[in-house]
Amino acid sequence: MSTASTAPRRRLPLTWLGLLPFVIFVTLFLILPTMYIVIGAFQDRSGGFTLQNLRDLNTGTIPSSYWISIKISVASSALGCLIGFGMAAAVVFGAVPKAIKAPLMTFSGVASNFAGVPLAFAFLATFGPVGLVTLFLRNNFGIVLQRDLGFSILSFWGLTVTYLFFQIPLMILIITPALEGLRREWKEAAEVLGATTAQYWRMVAFPILFPSLLGTFALLFANAFGAVATAIALTGSALNIVPIQLFAQIRGDVLGNPNLGYAMAFGMIVVTAIANIVYIWLRIRAERWMK
């Protein structure tokens with residue numbers, strides 16, 4: 001009588017259990033809400049399938065709200081990249097004392113995640129109609145920000161400046177490793193061949209850093225475009241941007257259409273997804289040079 005040999009059962013390593021809280025968190029707070037929004041974008045009030053919500057995205061003030069949101073995201077991303085790159089380069093290449101690097105990186109890690117209502121309150125308390133800086137300039141120099149400089153915290157540039165508070169630190173965190181990855185041998189070889197510092201940056205450093213810079217710009221764009229709480233808490237209904245229009249549709253006003261709000265949120269998901277895909281692709285290309 002022969003006995004059949006049973007193959008040992010494959011067991012999932014216990015180390016994978018450490019990922020269980022992460023999987024639960026992502027499922028509950030990212031995957032399921034996203035699926036709910038996507039499904040709602042293709043439903044009418046009775047729950048039937050429809051494409052009318054997507055057609056309605058081209059009606060009323062919705063297209064202009066997307067355009068304003070895109071312009072704010074581009075402006076804050078461009079300024080964030082420019083200022084953040086300069087600060088990171090100053091720290092990495094020794095233009096400022098090295099003792100500043102650790103506090104700067106720590107602050108950047110905190111500030112890059114500081115958004116929402118606290119950030120809106122901080123800027124209102126600083127640049128609002130009765131803010132600290134507003135009153136200081138008015139009482140001591142007779143300068144009224146909105147009248148003399150055309151600046152209002154509730155305007156396009158007001159929201160852009162507010163976004164810079166977390167855009168610049170995020171740029172510093174991402175671009176610093178790329179700057180540190182520039183090998184000293186590349187600069188020495190350029191100097192041996194007679195290149196100036198400007199020629200080294202223009203012909204060697206910037207071509208290598210370009211994928212990282214463009215990818216970081218895409219990430220900052222997605223970061224600004226998806227910022228909802230800060231925009232609503234800061235401007236309310238004073239600025240016609242997508243998050244504010246979306247909130248007005250979903251909160252259940254008489255003229256509100258939740259499914260149209262889901263369609264607007266779906267459009268935001270598509271835009272941010274494209275920006276993140278571009279960032280990931282460019283980051284992979286940039287890492288090839290750093291190896």
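Student: In this predicted model, at which residue does helix 10 bend?

Tutor: Look along helix 10, residues 197-225. The bend is about 50°. A proline, Pro 207, follows within four residues of the bend. The residue at the bend is Phe 206.

Student: What does helix 10 span between its end C-alpha atoms?

Tutor: Start with a straight helix of 29 residues. At 1.5 Å a residue, that would span 42 Å.

Student: Is Ala 286 buried or exposed?

Tutor: Ala 286 lies in helix 13, residues 258-290. Its relative accessible area is 3%. Buried means under 20%, so Ala 286 is buried.

Student: Which element gives the most to the lining of the largest pocket?

Tutor: The largest pocket holds about 310 Å³ of space. Helix 10, helix 12 (242-250) and helix 13 each give two or more residues to its lining. The top giver, with 5 residues, is helix 13.

Student: How many residues of the lining of the largest pocket are charged?

Tutor: The lining includes Ile 37, Asn 223, Met 268 and Thr 272. Of the lining residues, 9 are nonpolar and 3 are polar. The number charged is none: there are no charged residues.

Technical notes
Residues numbered from 1 in each chain as written. Predicted model: local features only at pLDDT ≥ 70, side-chain atom pairs only at ≥ 80, totals over all residues. Heavy atoms only, no water. Buried < 20%, exposed > 50% of the residue type's maximum accessible area, 1.4 Å probe, protein only. Expected span 1.5 Å × (residues − 1). Bend = angle between axes of the 7 residues up to and from the residue. 1 Å grid on protein atoms, 1.4 Å probe; cavity = no way out; pocket = protein on both sides within 12 Å on 5 of 7 lines; lining within 4 Å. Points joined across faces, edges and corners; volume = space filled by probe spheres on them. Nonpolar A, V, L, I, M, F, W, Y, C, P; charged D, E, K, R; others polar.
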